[in-house]
Amino acid sequence: MARIADVVVIGGGLHGCSTALHLALRGLKPILVEKDYAGRHASGVNAGGVRQLARDIAEIPLSVSSMAIWEHVEELVGDDCGFASHGTVLVAESEAELADFQARVDDLRLRGFVHEELIDRTELRRLVPAVSDHCPGGVVSRRDGAADPFRTTQAFRKRAIEKGAEVMEGVVVTGLSRVGGQWRVETSGGPIEAPKVVNAAGAWADRIASMLGEPVPLEVIAPMLMVTSRLPAFIEPVVILRGRKLSFKQVSNGTVVIGGGHRAQPFRDQNRTVLDWQKLAVSAATVWELFPVMREATIMRAWAGIEARMPDDLPVIGPSSTSEGIYHQFGFSAHGFQLGPGTGAMMAELVATGATNVPIDGLGIERFAAS
Amino acid sequence: MTEASNFASSYDLVVIGGGPAGLAAAALASRAGASTVLFDENPDIGGQIYRGITSTPIKSHAVLGEDYWAGAALAAEAKASGALIVTGATVWSLDPSRLVGVSVAGKARMIQAQRVIIATGSLERPFPLPGWTLPGVMTAGAAQTALKAHGLVPDGRVLLAGCGPLLWLLAAQLLRAGTKIEAILDTTPRSNWLRALPHLPDFLLSSYWSKGLALLREVKAKVPVIPIQRLSAHGEGKLQHVEYRSSGKDYRRRVDMLLLHQGVVPNVNLASAAGVAHRWNERQLCLEPVLDVDFGSSVPGIAVAGDGAGIAGGAAAAERGRIAAIAAVHALRPSASVPDPQSVRQRLQREELGRGFLDTLYRPADAFRLPEGETIVCRCEEVTAKQIHDMTAMGCEGPNQMKAFLRCGMGPCQGRLCGLTVTELIAAGRHARPADVGYYRLRPPVKPITLAELASLPISEAERKAVER
């Protein structure tokens, strides 16, 4: 006997958990299926950046709507998720880079977005006193911040269950087929039938899409992170660079998380990654140059989470182009954490009503149909 | 002093650890013509068992015993073999393609190995009792290190507590060096004797039997031995007294130093981070790597020798190192001449005889492995047994989720001190087997390195300037 649900959500990352929660809040009965445990991969081990800054235009509406949820996340999930809002600063390392940033901020103004703000040398020093002298300014998004990724995913999972979602962990999806008006999701924990299915399977989402005859050019990636031992507090905002790969933040326990997108080698079938120390050395050298205060800090651990990247570095969000009742929500290309709360709300609206108030133009799977 | 910049970019064989297994392996492989480098993080080779073998200030052979001085020949053999021996070298990463990350004197290098022999030995099993983090409480192994390397002995009122062959060896060494030991609190559960009996015939044939008996006699002639079932350490800011239960009665005793020891377990961190498969050893209550007859691991080209392959002691470690080295030489240079592996295996078998008895007899009691209440489990992040118990009750299924919830095992020791305790506590709370609960996923660097060291890795100008998104 198949289990019956209103929606099957595949994948227990932040996106899957958020979508399940928002579906449950709409009075629907979702069953979430996760092959490992919620937050096992990128959602649980990413850098935790809650960033509107420097996003592609196509993502900005989702990012802005998501930020509105982040700012009241405790009301939604009963936990502040460790979210602290100290802003994100994009540091310019040259006058030429600063001029490019100015053009970007001007362009955003024309489109009605005001969250990015150009700052000069003085304001940069005020926000990030430890930054190296060679940096002439930057851009700040003052409402940005950072949260604890695993805690956030767990909080969404827990609240989803409290609101009526069912979460099946350690259960693998093995097949998808149409039975009458329903989708039949075959799993290692038995079949589930539902009229709607959300594919939020992260680095494994292309396999779900393939089951629907809808192949996508998904690349499995594993962005690397390092963390230092505890240091006295010296920086509040998250710092990112454009010219070189770096994201840099000090969290409340004093440890400093260094990331930025240098990639490990992923082995998705083994849930494993192999780090590339030559590239981490590039990160270390960048931090060495940008923050002299960090030079004697001790690296405690380095790791990488497995996730998906699309060729255009934009996620796949929206209805399937081949299969009615199927919705995609994957391919966040190393910047999906901030989008999780808002995309879940948007997806639940789309699944429940067939439309959404937040524009997702340009993010649909049909953009890869020719490939 | 060998500078990091003087290393070749690749070697036939990289041996990690300069104890008996590593020294024997490096000597054999180098003599057979394999380009070999041995890295040891201490200032001197010898490992734990032969620590300070070429530099110890203790010159009287009687203090440390003839078994210790056997290490001198091994060290001399390795030094004469032509292998490059680098001390003060911290190996902080090893990946499945056998790329080795090593730091020497503040500079890091990546070195490609055709074969790797991990000979990182053992660690003392954690002994998490109330008050074990107080100054004045230390492990017996740490006291032995101070004795071998620096000739230092504890003074004041000294108590030893625990079980296992090394406890008796250390007691004898300390007594010979002039330490007055007030008492030994023996935690060996009485019921273990019954369980160990079937292993007695093997033990009586082993070298442990006569040596062990002589040690016991020597120590018991000078120190009272008190069997105990419970123990806690107390004091304001430092150790002042211990409380223990013996034969149903509670005692309190003033003390300045408490040395704890309940056996050693394989140091699995580097092998585990390299992706080597491990399994739970139910008899020894620890993780050990899954190995073939040549000590080859699940990762091609990576072997684990010595006590890291499972506890068997120094003499066995050297034979294991030789077997792993013979296999490496066979793979690297099939025509090279090597000792007959069968005779090495026979010697190893003799050395391993008797372990069953010791492992069963000295298997530590639950009371000394599964702490309760406010007893610290993770010393780095100060996580208590109660927190782990509560989190398990809330549904936290394994050590990796425990990390995320409590930062347990996230400190500088990377779980070396709490890993086994956390696995066993979660297993007990879930009524599951430790094998099913699993262990921490270990992340490199397995030893902390500084940002400056990492930034010193040679990187191309193209990589440094690459404009990537």
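Colleague: Let's start with B:Ser247: is this residue buried or exposed?

Modeller: B:Ser247 is exposed, at 57% relative accessible area; buried means under 20%, exposed over 50% and partly exposed in between, with a 1.4 Å probe and protein chains only. One caution: this is a predicted model, where local features need pLDDT of at least 70, side-chain atom pairs count only at pLDDT 80 or more, and totals for chains, interfaces and linings use all residues. Residues are numbered from 1 along each chain as its sequence is written, chains are lettered from A and ligands numbered from 1 in the order written, and side-chain values use heavy atoms, leaving out hydrogens and water.

Colleague: Where does B:Ser247 lie in chain B?

Modeller: In the loop between strand 13 (241–246) and strand 14 (249–254); strands (E, at least two residues) and helices (H or I, at least four) are DSSP runs numbered from the N terminus. Phi of B:Ser247 is near 50 degrees, a positive value in a non-glycine residue.

Colleague: And what's phi for B:Leu285?

Modeller: Near 55 degrees, again positive without being glycine. B:Leu285 is buried, though, at 2% relative accessibility.

Colleague: Switching topic, how many disulfides are there over all chains?

Modeller: The count is 0, taking a disulfide as a pair of cysteine sulfur atoms within 2.5 Å. For B:Cys413, the nearest cysteine sulfur belongs to B:Cys380, 3.8 Å away.

Colleague: Which peptide bond is cis, with omega near -5 degrees?

Modeller: The one from B:Pro444 to B:Pro445. B:Pro445 sits in the loop between helix 16 (434–437) and strand 22 (449–450) of chain B.
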